[in-house]
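Below are some notes on local features of the model, for checking against the coordinates.

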Amino acid sequence: MLLQVGGKRSALGLLAIRRVWSMSRSAHTTPQTLEYKPIKKVMVANRGEIAIRVFRACTELGIRTVAVYSEQDTGQMHRQKADEAYLIGKGLPPVAAYLHIPDIIKVAKENGVDAIHPGYGFLSERADFAQACMDAGVRFIGPTPDVVRKMGDKVEARAIAFSAGVPVVPGTDGPISSLQQAQEFSNSYGFPIIFKAAYGGGGRGMRVVREYEELEENFQRAYSEALTAFGNGALFVEKFIEKPRHIEVQILGDKYGNVIHLYERDCSIQRRHQKVVEIAPAAHLDPHLRDRLTADSVNLARQVGYENAGTVEFLVDKHGKHYFIEVNSRLQVEHTVTEEITDVDLVHAQLRVCEGRSLPELGLKQDKIRINGYAIQCRVTTEDPARGFQPDTGRLEVFRSGEGMGIRLDSASAFQGAVISPHYDSLLVKVIASGKDLPAASAKMSRALAEFRVRGVKTNIPFLQNVLSNNQFLNGTVDTQFIDENPDLFNLKPVQNRAQKLLHYLGHVMVNGPTTPIPVKAKPSPIDPVIPPVPLGEPPVGFRDVLLREGPDGFAKAVRAHQGLLLMDTTFRDAHQSLLATRVRTHDLKRIAPFVAHSFSNLFSVENWGGVILVWHYCFLFFLCFLSPSLSPSLLFDISLLIASFPVFVRFCEVAKENGMDIFRVFDSLNYLPNMLLGMEAAGAAGGVVEAAISYTGDVSDPTRQKYSLDYYLKLADELVKAGTHILCIKDMAGLLKPDSGHLLVSALRDRFPDVPIHVHTHDTAGAGVAAMLACAEAGADIVDVAVDSMAGMTSQPSMGAIVACTKGTKLNTGISLEKVFDYSEYWEVTRGLYAPFDCTATMKSGNADVYENEIPGGQYTNLHFQAHSMGLGNKFKEVKKAYAEANKLLGDLIKVTPSSKIVGDLAQFMVQNSLTRAEVEERADELSFPLSVVEFLQGHIGIPHGGFPEPFRSKVLKSLPRVEGRPGASLPPLDFQALEKQLRDAHGDEITPEDVMSAAMYPKVFQEFKEFTRTFGPVDCLDTRLFLDGPKIAEEFEVELERGKTLHIKALALGDLNKAGQREVFFELNGQLRSVLVKDTMAMKEMHFHPKALKDVRGQIGAPMPGKVVEVKVKQGQQVEKGQPLCVLSAMKMETVVNSPLSGTVAKIYVTADSTLEGDDLILEITE
């Protein structure tokens, strides 16, 4: 059963060889009298691009065309390109339809078809199909049935090659039918071996086996693949040649015995034995080897009387020896590159030969065939190289091809709106590039692939681009192991797809409304802000130049020596955090930044970042805000930092400094000194100016309030100055500093620390902010915080314009132009209108002096107001404020700065929501389900408050819960930043930045959600704010600048009706071309659902204490629970609440799951005692 190589005797036997010789001889000696019969109508028994390729050739020759299509291909382009199209294989599976010979013949006969072209694949190498055509009186455009049978049977083809003197690879002389036969072959020839399908090609049914243990599995897989693809699982086995080149020769024969070759193609670049890139001619091929390959191919074709087009395939080993492997008795996918270098239309030739023309009549003589340059074909497929070339399916939202000189495209389904189905081959388009040599053709191909834009499905284009830029490829020295030996080919450059992602975002907003929660029903202003004129050239020198020149210590001395009052502008951070719910986007900050740099170079600094800002920007605005100093190179950037885990904080300071942060305002919400000292150390080590901030509460001018007395603040300041702070700051978050108390505190600090700059921060909630800051300045403060007029007042900072005007002409003169302040304010007044849905004035019309009683910080005052309205407590905000004061007392009279202020606020809203008084909370503390923030505070998660924790309240709430001893974070293990970065790169690709790593370290869940959002919707920070929040109106035209020099011109066209999948098609015009996206209508997809309410008079029914979403269910049905045991966790706005069991018993039924959205009193579960 074994066939050997070269001149050794074959086990085929003498009789078999004589039979082959006799048949081939008679094929050439029998006189033939043939008649030219023109073809009038051609059917292509195939689909896709090859069908269109044949249709085009027929049309050029004046031949009418007929397409056939399966039920799954009703929308395919090939049926539209033909003159007629008919359904075949009704009710059959997709592939089986194109294999159904009776249907195909029936359509041909019924519609006057003269000839059938089989294309490639499907029935193209089936002798029974060729015979069926002949029996029906329809010409088969290809070899005779007998030749198709011989060449299709790879074993017989090998025997014919052997008899013709063509070297063959050792292999079985017939299809094997059992694993035992394969074992016998491997025992004789050793490993590696290769299984091949006996009746088909294209890499299907092909398996390389390198070890005995792999033999059985690969035999079964190869058999199964061959059976599925070709209807016959027969296999034969060959010795596998390591690292060969795969060279094939194009042949063409006629009915008169004439055979020519059209030179060779190099098909060595393969993946799993399927060709990926083909080149003609083969680079660096020895001319003598080329002569032997082409001569053997022609001899083999003559041996069998071959007519029409075919391909003879060889393997060439590293010693230059060639071995025949098979004949493809059809047109090949890669026939295009041969056409490009020989200028021979192979399909024209096929049709004319089938009509009875001879090759000489067609001008096709061997001495006339010349090679002209090089051609490369890349098969662009809808496969994802990053996932093992897994086929991708879906709708082509965008298709734009690469074109131009030297580029040819053969395609079928490559058009916008086409649906790529899972039923057929993943080939999307064949791209053929021609040039004078291989580098020239490669350059054209690279350029063409770079021009492609395919959106909606994954493609292998990034992989092909890597192949084309590989030096081994460019040198023309590839073999069949090229892909396996170059893993760097899979270092794929991510496809940006920015424009289409942005259209998805805009469509989503048009269909479903804003992606960020809107607290009130107000629309962004339709008026866009105008940027004041900015002078050309560099901005004037500012304090940042002093810092860069003299370092932090010299900078502090310069500040102290400065004549006049310095201002820090909070407009870029705290002002909008306080007034606009932290929703102002970098887009609007960047636009005005150059004007600020040119007009306010004598500002002390611009505050533009803070830890709390990060999570809000990620959650609601979907960007990371690090405003580059290149926008305002003369200005100092100030950052407010709340101390957390020390290793994380150290790295954070380093990254912030690298991003241009200059001044690090370090504070702790409880003035917990161990935290602050670590923060100062980290900021200083990063090279920043350390500004230690004392969080202020109470009233130092009131002798009855002694917990936070003047002596308390002075002692704390002593420690901070001793620790080396460059600047001392008073951080009055609630705006409690009255003019007298401010003057008293600053005077005392100035007397004690004459050389240390003093910086004062306040809020204007009560309306006394300007007076208080002027009093502090008179007392010796060097710097005070202000916001531009249109972003000042109420819960924000005092007015910049008011301070500038009041100090003009005095020793405190700021040196700032009021005219510039007015221009700056006008920009923000209009910009503020864009954020109307978040503006505190939507629900709050003025500040209120009751802040001196409730001590609510400015930004939180605004947020509480919004939260109260969103939770249905808008009419009870007065009660919320009173409850805030009571909650503060319950917790021991805290310094209220983020996050301690949030803890007090959470407890206040909890009290109002559940109609609880302070006394009732104290009495029932052991059974109430407190907000998680309150519980964690009492555990010690944010530090130890001045004066200690309130008892017995703390013990009653915590019961047996663990307590944190000492500095929070001290016991945390060090974070492995390298491991985290690797984890992020594995999840999100190599475009991970140090800022990403830092963000993931601090807010892992929020960062993950942010990455998922940007992966879906792209760079939404490029959108104007009104478009980002509200989307475009129908017929609205606008521009989006992706980057400098790349601007999208977009017009919103229409919103489609709801389809069966719950989607709406949204139509746009993008850069003059129609685009559309499918968007899920979230409201339409929701089912009506009524959640049961907990009955207050039924003791075991546990209801939601507040509206929110279920984060986690901590118990199971049938579980025994104890009183006070956590049952589930709810989240609403930024507050998480643990629902504890009010009694001991058994969980009878659970009514919620994770992610359930609940209203207040919705039933969570039932407990039976």
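1. Two strands pair if DSSP finds at least two bridges between them. Strands (E, at least two residues) and helices (H or I, at least four) are DSSP runs, numbered from the N terminus. On that basis, E37 and strand E44 (residues 1163–1168) run antiparallel and are joined by 3 bridges. Gly1103 stands opposite Leu1163 in E44.

2. The model is predicted: local features need pLDDT of at least 70, side-chain atom pairs count only at pLDDT 80 or more, and totals for chains, interfaces and linings use all residues. Residues are numbered from 1 along each chain as its sequence is written, and side-chain values use heavy atoms, with hydrogens and water left out.

3. The order E37-E44-E42-E39 describes an open sheet of 4 strands with antiparallel pairing. Strand E37 (1101–1103) and strand E39 (1120–1121) are at the edges with a single partner strand each, so one side of each has no neighbour in the sheet.

4. Strand E34 (residues 1046–1058) pairs antiparallel with strand E35 (residues 1063–1070) over 6 bridges, and Ile1050 stands opposite Leu1070 in E35. The two form a hairpin with 4 residues between them, where Gly1062 in the turn has a positive phi of about 75°.

5. E35 is also joined to strand E36 (residues 1073–1080), antiparallel, by 8 bridges. This hairpin has 2 residues between its strands, and Asn1071 in the turn has a positive phi of about 50°.

6. Ser70 lies in the loop between strand E3 (64–69) and helix H3 (78–81). The side chains of Ser70 and Tyr424 are joined by a contact of 2.6 Å that is polar (a pair of N or O atoms within 3.5 Å; within protein, one must be able to donate a hydrogen and the other to accept it, and residues adjacent in sequence count only if both atoms are side-chain atoms).
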